[in-house]
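Here are my notes for your first look at this one. Keep the viewer open and click along as you read.

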Amino acid sequence: MNEDMILTVEDLHKTFTLQDGRTLSVLNGITTGIRRGEKIAVIGPSGSGKSTFLRCLNRMEEPTSGTITFKGEDITSPKCDINLVRRKMGMVFQHFYLFPHLTVRKNLTLAPVDQKIMTQEEADVKAQELLARVGLADKIDEWPDRLSGGQKQRVAIARAMAMSPDVLLFDEPTSALDPEMIGEVLDVMKELADSGMTMYLVTHEMGFAHKIADRVLFIDKGIISEEGTPDEVFDRPKQPRTIEFLSKVLRR
Amino acid sequence: MSGRMTMRSKSYPGAGRGDILLGFVGAFLVYALWESGFFTADAWADFNRRFYQNFVKDDRYMMLVDGLKSTLFMTAGATVIGVIVGLILSVIRVAHKGGLHIPVLNKLAETYITVLRGTPAMVQLLIWNFTIFASARDLNTQYIAILAFGLNSGAYVAEIFRGGIESIDPGQMEAARSLGLTYWSSMKFVILPQALRNVVPMLFNEFIALLKETSIAGYIGIDDLTRAGQNIQALTLEHSQPLVMVAIIYLIMVMLLSNLVKRLEQWLSRGRRG
């Protein structure tokens, strides 16, 4: 296995059992990986399984079969303590999910303090730094519902960064935002990318994906049907499904 | 009050301070009118004489005051037990549903809720007193009542909490877990504080329900408010004034508390939101 690979995925399958007992096969054998510092954009039609793929990486969804190896450890093994793994894999959600009953400061410091990684004082300092980095230093004692959507998502990114993760997983981070707020969130993500962060990004922002990604995965019907550099996938797609998808989303 | 199979915590008609005063004066006037034969001089004099007998002579009103203290003591104690038991039961059930594999605990919690909600509180009280603690005669009966009412209330409070927990967006749990928090830490720091805030008004309603429910405590020999009224009856051989007074005292307390719940709801809905 390649030494720089921070995360590798082998033959990942995910099947959901519906309420009426039928099964829905969402991921049908995905094999891929990410190098330290690499930025991978995951695109595809809705229902293609791209979000499920991302959510399997930190076992928000339990994979049905397949192996995921993170920094040399098989995290799908029953022996793995997934809570320890998740500390090092930050996740940013479409709907932010800030904790509304906690101030911005507490949103950022809850996890590191509870897990005894930092004292409250150390975590406060780190929170201050991270908020400055996402341009919200003055909001540290604010309540989440006093923030705009874009500000909430920037806080959510800072919260994910508070655990000093090795990888950040972005699950459509701008899809729930008003158009005028998308830019500020993308700017923060761009800055993170430039700083060398390893990132998986599920997105519909094709322009942004093109700009920051080292590699693009096109997922369709639960498999990676095309992959390559942004230029290859966006400008010279080979698969008919990719061409059709891109023609639909890029026309707008 | 016998077995209530459905969730009992419903909202009571809210009342402002004016309504409460009006309710008290009105209820008492209607009663006095009826009792005194619409203020015919003789009947009114008789009414006053009996009022003196029932409440003033030998400081008999103190029996009601002591009874009220007992009622409030039992209600407060039972509420505390009810909230603790209800919280534990609801967390077990939610955790089981949320993927933590605890089938035995879950079954126990379910059975507890079914049995305690499916049998009359009155019968439970009698069983606690005359069967389970039959040989513990030196134990203060009020503590037995608190236990009986509290454990009964816990079954109802469990359903209140469960509703509260399930009303929180599942994304909150995911976000907490994604940061490496354990399931229990996520519950404690993220889910429960939000759920608690949502159910505070319903917990107050549970308190109101308990306040009235403790009126059966007399059956195991506790001189609560209701029993105090009956005790006065026994002394004065007076059939109605003591119990009507007792009813009015309950009514005032319930109206005051309902008013508090209404204010609380308004305050909470003005507060922070997700």
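1. Start with how helix 7 of chain B begins. A side-chain oxygen of B:Asp169 comes to within 2.7 Å of the backbone nitrogen of B:Gly171 at the start of this helix. Bear in mind that you're looking at a predicted model, here and in everything below.

2. Now look at how helix 7 of chain B sits. If you want to click through the buried ones, they are B:Gly171, B:Gln172, B:Met173, B:Glu174, B:Ala175, B:Ala176, B:Arg177 and B:Ser178.

3. What covers the buried residues of helix 7 of chain B? Chain A contributes helix 1 (50–57), helix 2 (82–87), strand 6 (89–92) and helix 5 (149–161) to the cover. From chain B itself, the cover includes helix 8 (183–213). After helix 7 of chain B comes B:Gly180, which has a positive phi near 95°.

4. B:Asp58 is a residue other than glycine, yet its phi is positive, near 55°. You'll find B:Asp58 in the loop that links helix 2 (41–56) to helix 3 (61–97) of chain B. Is B:Asp58 buried or exposed? Its relative accessibility is 60%, so B:Asp58 counts as exposed, the cut-off for that being over 50%.

5. B:Leu237 is another one to click on. Its phi is positive too, about 55°, although B:Leu237 is not a glycine. This residue also sits in a loop of chain B, between helix 9 (225–236) and helix 10 (241–270). With a relative accessible area of 76%, B:Leu237 is exposed.

6. Stay on chain B for a greasy spot. B:Leu21, B:Phe24, B:Val25 and B:Leu29 make a nonpolar surface patch of about 360 Å². Take B:Phe24 as your way in: it belongs to helix 1 (residues 17–35) of chain B. B:Phe24 counts as partly exposed, because its relative accessibility is 33%.

7. Over to chain A as a whole. It has 9 helices and 10 strands. Its radius of gyration is 18 Å, close to the 18 Å from the globule rule for 252 residues, so chain A is as compact as a globular protein of that length. The C-alpha trace spans about 50 × 45 × 45 Å along the principal axes of chain A.

8. A few more figures for chain A. Of its 252 residues, 55% count as buried. Among contacts in chain A with a separation of 6 or more, 66% are between residues 24 or more positions apart. The accessible surface of chain A is about 11,100 Å², and carbon and sulfur atoms account for 48% of that.

9. Next, charges. Side chains of opposite charge can pair when their charged atoms come close. How many salt bridges are there over all chains? The count is 30. In chain B, one network of salt bridges links B:Arg93, B:Lys97, B:Lys107, B:Glu110, B:Glu159, B:Arg162 and B:Glu166.

10. Here's a salt bridge that reaches across chain A. The side chains of A:Arg133 and A:Glu191 meet with N to O at 3.1 Å. A:Arg133 is in helix 4 (residues 120–133) and A:Glu191 in helix 6 (residues 179–194), so the pair ties together parts that are 58 residues apart in sequence. A:Arg133 counts as partly exposed at 36% relative accessibility, and A:Glu191 is partly exposed as well, at 33%.

11. Now a pair within one helix. A:Arg241 and A:Glu244 form a salt bridge, 3.1 Å from N to O. Both lie in helix 9 (residues 240–250) of chain A, 3 residues apart, or about one turn of the helix. A:Arg241 is partly exposed, with a relative accessible area of 27%, and A:Glu244 is partly exposed at 35%.

12. Last one: A:Asp220 and A:Lys221 form a salt bridge whose closest N and O atoms are 3.8 Å apart. Which side of the pair is buried? A:Asp220 counts as buried, at 8% relative accessibility, while A:Lys221 counts as exposed, at 60%.

How values were computed:
Residues numbered from 1 in each chain as written. Chains lettered and ligands numbered in written order. Predicted model: local features only at pLDDT ≥ 70, side-chain atom pairs only at ≥ 80, totals over all residues. Heavy atoms only, no water. Patch = residues over 30% accessible without salt bridge, like charges linked within 9 Å, V, L, I, M, F, W, Y side chains within 5 Å. Areas by Shrake-Rupley, 256 points an atom, 1.4 Å probe, with all protein chains shown as cover. Salt bridge = Lys/Arg side-chain N within 4 Å of Asp/Glu carboxyl O. Helix = DSSP H or I, 4+ residues; strand = E, 2+ residues; numbered from the N terminus. Buried < 20%, exposed > 50% of the residue type's maximum accessible area, 1.4 Å probe, protein only. Rg over C-alpha atoms; globule rule 2.2 N^0.38 Å. Contact = heavy atoms within 4.5 Å. Polar contact = N/O pair within 3.5 Å; in protein donor to acceptor, adjacent residues only side chain to side chain.
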